[in-house]
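Please have the model open beside you.

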Amino acid sequence: MKRRDFLKNTAVASSVSLLPSAVWPASQDKVLRTAHIGVGGMGAEDLKSITAHKQVKVVALCDVDSKNLEAALQMHPEAKGFADYRLLFSQMADEIDAVIVSTPDHTHAPASMLAMQLDKPVYCQKPLAHHVSEVRAMRKLAEEKNLITQMGIQVHSFYDYKLATLLIQSGIIGKVSCVRAWSPKNWGYDGPIPTGADPVPSHLDWNLWLGTSDSRPYKDQVYHPANWRKLVDFGCGTLGDMGVHIFDTPYNALELDVPFTVKNQCRRPNGFGYPEKNSVTYEFPGTPYTTETLKWVWYDGKGAPHSHKDLKLPNKDKLPLQGAMFIGEKGKLLLPHFMELPRHIVDGEYKEIDVSPFVNSGQIGEPVRDYALEGNMHYHQFVDACLGTDSCTAPFSYSARLTETILLGVIAGRFPNKKLHWDSEKARFREEKANRYLSGEYRDF
């Protein structure tokens, strides 16, 4: 089935008419009934954080790995368990108020689109989807149905990132001309393509794990449970993992849209795994917080970032392991990742940051300095929005643009050292060969 057909014809949806949760009246007594698709790994963390909210009741759990599912059912024995999210929706649509999608990237859009066709609010893990076409379809459907949505970039709600946003928008370093961001993580694979096949573990439904992607033999430790991020058919590399988190605050603070050019310096594509090292340069249209255009450079893999004068710190200090540097007309702002305060640098010296104006105006409070509590804020914001008492700060209207930016850098890795030109209005590259990677086809599974 072609992806465009799947995105138009999510079958379960149109026969069910429910009041969207987006229009619930505010209530302290209302219980949000949640369904969780993917409950292993990050899905288990999502389940834990969502259910830390007192007004949540888990009614359905879904995972293609029966070990993951059984562990989740032990925590929530009253919930119904499924291996196939399509059966979950067909059997329990009228018993679900909101859906949490925590699968590998290639299943984000298929599961989320089915949920939204049923008028369900969706919390979807990052990156929002595997393809640009999916990202745009998810945003369009969420807006047409006026649904509450949130992408799982938990640090979006952390104190340090909020503070950095306020500082940049206050003009502390003037208009920003460049952002350099980095992570030494390696979600790439430069080795040989695996051959042969291994027995599928009894606890794994391999067909359902593959979902809409092409069929292939199972290979132990290559795909499930932890290596799919490295592979072009299932994940989005380091950009899709850490890039989303580290891009988020600069992207939000500078009020960026999608870029008009992108170039990835990396090894030649092998058709199977992402490059183990990437250096991606974007050019963005200007905003009120940037110069006429903005340059953005991303580095990942061992040894990231590359040495550059923009990244030199006072006192010959070492850069944080992961982070971003804003370069402005009046200085620089370093934002480590994560749970470290931003640092203001002017003329090669650190400058003290005065947060009192933001505290006095009520724009920011005191730092919580508790990872679990700060992380829960992002999840609970989604729950409270569904209950009518809050609104989401990373809805699909925002996170789709952020994810599209990430995915354009991923696509550029197919054309090493070549600048690609992106037409956002037409959703096409000037370079015709690159357009084939904006979408694909769904397997009928």
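Find Gly-328 first: its bridge partner is Gly-331, in strand 12. Strand numbers here count DSSP runs of E, at least two residues long, from the N terminus, while helices are runs of H or I of at least four residues. A word on the source: this is a predicted model, where local features need pLDDT of at least 70, side-chain atom pairs count only at pLDDT 80 or more, and totals for chains, interfaces and linings use all residues. Residues are numbered from 1 along each chain as its sequence is written, and side-chain values use heavy atoms, without hydrogens and water.

Helix 9 (residues 237–253) packs on the sheet, touching strands 7 (176–183), 9 (278–285), 10 (290–300), 11 and 12. Its direction makes about 150° with that of strand 10; axes are lines fitted to C-alpha atoms, for helices over the stretch in contact, and angles run from 0 to 180 degrees between N-to-C directions.

Strand 11 (residues 323–328) and strand 12 (residues 331–336) pair in the antiparallel sense over six bridges; pairing requires at least two DSSP bridges between strands. The open sheet has 10 strands, in the order 14-13-12-11-7-10-9-8-15-16, with mixed pairing. Strand 14 (349–351) and strand 16 (428–429) are at the edges with a single partner strand each, so one side of each has no neighbour in the sheet.

Now look at the loop between helix 8 (206–210) and helix 9, where Arg-229 sits. Arg-229 counts as buried because its relative accessibility is 14%, and buried means under 20% relative accessible area (1.4 Å probe, protein chains only). Beyond neighbours within four places in sequence, Arg-229 has contacts (heavy atoms within 4.5 Å) that include Asp-105, Trp-187 and Asp-241.

Notes. Buried means under 20% relative accessible area, exposed over 50%, partly exposed in between (1.4 Å probe, protein chains only).
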